[in-house]
Amino acid sequence: DTGHRYGSACRDVSPGGVAGTDFPTFRSNHAMAFDGANVVLFGGGANEDTWEWDGAAWTDVSPGGVAGTDYPTGRNQHVMAYDGTNVVLFGGNTDPDFSETWTWDGGNWSDSSPAGTEGIDNPYGCEGAAMAYDSTRGVVVMFGGDHWFGDSSYEANTWEWDGTAQTWTNESPQGAEGVTIPSARRFHSMAFDAGRNVVVMFGGSKGQDPEYYLDDTWEWDGTTWANVSPTTGTAGTDWPSARRGSYMVYDPDRAVVVLFGGEFDYNSIYYNDVWEWDGTTWTDVSPTSGTAGVDFPEERRFHAMAYDTARDVIVMFGGANDDGGLMFDDTWEWDGTAGAWTEVTPVGTPGTDYPIKRRIHDMVYDSARGVCVMFGGEDYSSNIYFEDTWTWDGSEWINVSPPGVSGLHFPEMRRHHKMAYDSNRGVTVLFGGEWDQATIVYGDTWEYDGSIWQQISMKGGVEGTDFPLARRGHAMVFDSNRGVMVLFGGNQFYGVSQWCLNDIWEF
């Protein structure tokens, strides 16, 4: 790390003596904070001792009594900060995660956990959060962390601890999950409604074994989430049934958000229905006659769509029906005024005259150049991941993949990434995705100007604090009213485990 300086500025000040008597025993995942006079250390693993370092020597200041009553029990990856009066400790884990708040006054620990509902009145129990003291406002600020118990999800809330009032306050533009903010999810759909200046989100899934499918509709105005799901009626009749892997785009000519396809119950049910959202009502506008694959697309999920503002049609490419073992390389256009699909797949050879069949790719419309831009995806039937860039002008596909080295001159091959077109700057923005069944999950940001890809450096910040955690299956749109990219949700992998997210970011 070139930001570090080595040499005479660094020196080993480890004292001599006996570990556990003259200095703390070896440990990891402990926490420390400076209380204005000494550095205070607590815990790590099964350790439940408290130590202070005065710059020359360690002193064991562990109080007597009962662990969990008179001082915190041993724990890992908790966080501590000094609030000007006391050292504040929150969370950590053994199993389950702790949601306790403790304070240290220099001689005694006090359990200062406030009453209320976890996740609403005080933070969820978590580990690995970050915490710092805001001396201007006199509050301790904590962000993030993750659960290893319960729903096993990452936290994306910002909490503040008022040591005088002994209360936590959720300062996120959020609230109770599923009530005033959307629940964590992945493989959902989002589109920006430029007529009403809101981001519209529908469905997705969360959890694992079993997977929970959602049929709720939310809107984000840049400050607040609103649950605008219809309150009367039947899913599948009055609004789209629960699903993931569908795609939504905004039709500015008719001022509606259009949704197509998706799947339910993990490869059991696939859809090829078309729905429109006008800000109040969902309407099923699917063709009522004809043959799938001839007059309209076959059922599928993980396709890509974009609205061509020059020709007033929605362009769709690819996707898969995993239950039927089908991968698609077809190109369709939806005319919302006529309420009809037209297949426009070019003749020729896949990979030369048009893209190879794929799913979990993404596509946007580049209004400055009058073309749809598509990148990446996978052909799971051949276990092939793509790193190619294509454009569609309404009559032909062109492979515009730039030369160079993958990961240096253009994004590495991936699936489950998301793209959105920044009409203010005339660039396509790409974030995240995964490679090889989540062997690698990406947190990189790229921009494509119609000629070259360029990676946007996020160095100098902290992942999850200054920019989004690496993820897949998120959703991202461009808010043209405020000139920002809006990203929500997705999920992470850790080994075979997965965590869905419900954080919202703007770029």
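## Charged and aromatic side-chain contacts

The charged end of R243 sits over the ring of Y271, at 4.0 Å from the ring centre. The model under discussion is predicted, and the values below are computed from it.

**Salt bridges**

Side chains of opposite charge can pair when their charged atoms come close. In this structure the count comes to 32 salt bridges.

| Pair | N to O distance |
|---|---|
| D322 and R301 | 2.7 Å |
| R425 and E447 | 2.5 Å |
| E506 and R482 | 2.5 Å |

D322 forms a salt bridge with R301. D322 lies in the loop between strand 23 (320–321) and strand 24 (326–327), while R301 lies in the loop between strand 20 (282–284) and strand 21 (304–308), so the pair ties together parts that are 21 residues apart in sequence. Both D322 and R301 are buried.

R425 and E447 meet through their side chains in a salt bridge. This pair links distant parts of the chain, 22 residues apart: R425 is in the loop between strand 33 (418–422) and strand 34 (427–435), and E447 is in strand 35 (residues 440–448). Are the two partners buried or partly exposed? R425 is partly exposed, because its relative accessible area is 46%, which falls between the limits of 20% and 50%. E447 is buried, with a relative accessible area of 12%.

E506 is joined to R482 by a salt bridge. Here too the pair links distant parts of the chain, 24 residues apart, with E506 in strand 41 (residues 504–506) and R482 in the loop between strand 37 (475–479) and strand 38 (484–488). E506 is partly exposed at 36% relative accessibility, and R482 is partly exposed at 32%.

Some of the charged residues belong to a network of salt bridges. Its linked members are R186, E211, R244, E263, R301, D322, R359, E378, R415, E434 and R472; the D322 and R301 salt bridge described above joins two of these names.

**Loop residues**

R75 is found in the loop between strand 4 (58–60) and strand 5 (79–82). R75 counts as buried, because its relative accessibility is 0%, and its side chain makes a polar contact of 2.7 Å with the side chain of E100.

I360, although not a glycine, has a positive phi of about 60°. I360 is placed in the loop between strand 26 (340–343) and strand 27 (362–366), and it is buried at 4% relative accessibility. H416 is likewise a residue other than glycine with a positive phi, near 60°. H416 is located in the loop between strand 32 (397–399) and strand 33, and its relative accessible area of 6% makes it buried.

**Aromatic rings**

A search of the whole structure finds 19 aromatic pairs. In one of them, the rings of W392 and W397 have their centres 5.4 Å apart and their planes at 40°, so the pair is tilted. W392 is buried at 0% relative accessibility, and W397 is buried at 4%. Y448 and W453 also form a tilted aromatic pair, with 5.0 Å from centre to centre and 35° between the planes. Both Y448 and W453 are buried. Elsewhere, W218, W220, W225 and F488 form one aromatic cluster.

Note on methods: Residues are numbered from 1 along each chain as its sequence is written. This is a predicted model: local features need pLDDT of at least 70, side-chain atom pairs count only at pLDDT 80 or more; totals for chains, interfaces and linings use all residues. Side-chain values use heavy atoms; hydrogens and water are left out. A salt bridge is a side-chain nitrogen of Lys or Arg within 4 Å of a carboxyl oxygen of Asp or Glu. Helices (H or I, at least four residues) and strands (E, at least two) are DSSP runs, numbered from the N terminus. Buried means under 20% relative accessible area, exposed over 50%, partly exposed in between (1.4 Å probe, protein chains only). A polar contact is a pair of N or O atoms within 3.5 Å; within protein, one must be able to donate a hydrogen and the other to accept it, and residues adjacent in sequence count only if both atoms are side-chain atoms. Rings of Phe, Tyr and Trp (its six-membered ring) pair if their centres lie within 6.5 Å; planes under 30 degrees apart count as stacked, over 60 as edge-to-face and the rest as tilted. A charge sits over a ring if NZ of Lys or CZ of Arg is within 6 Å of the ring centre and within 35 degrees of the ring normal.
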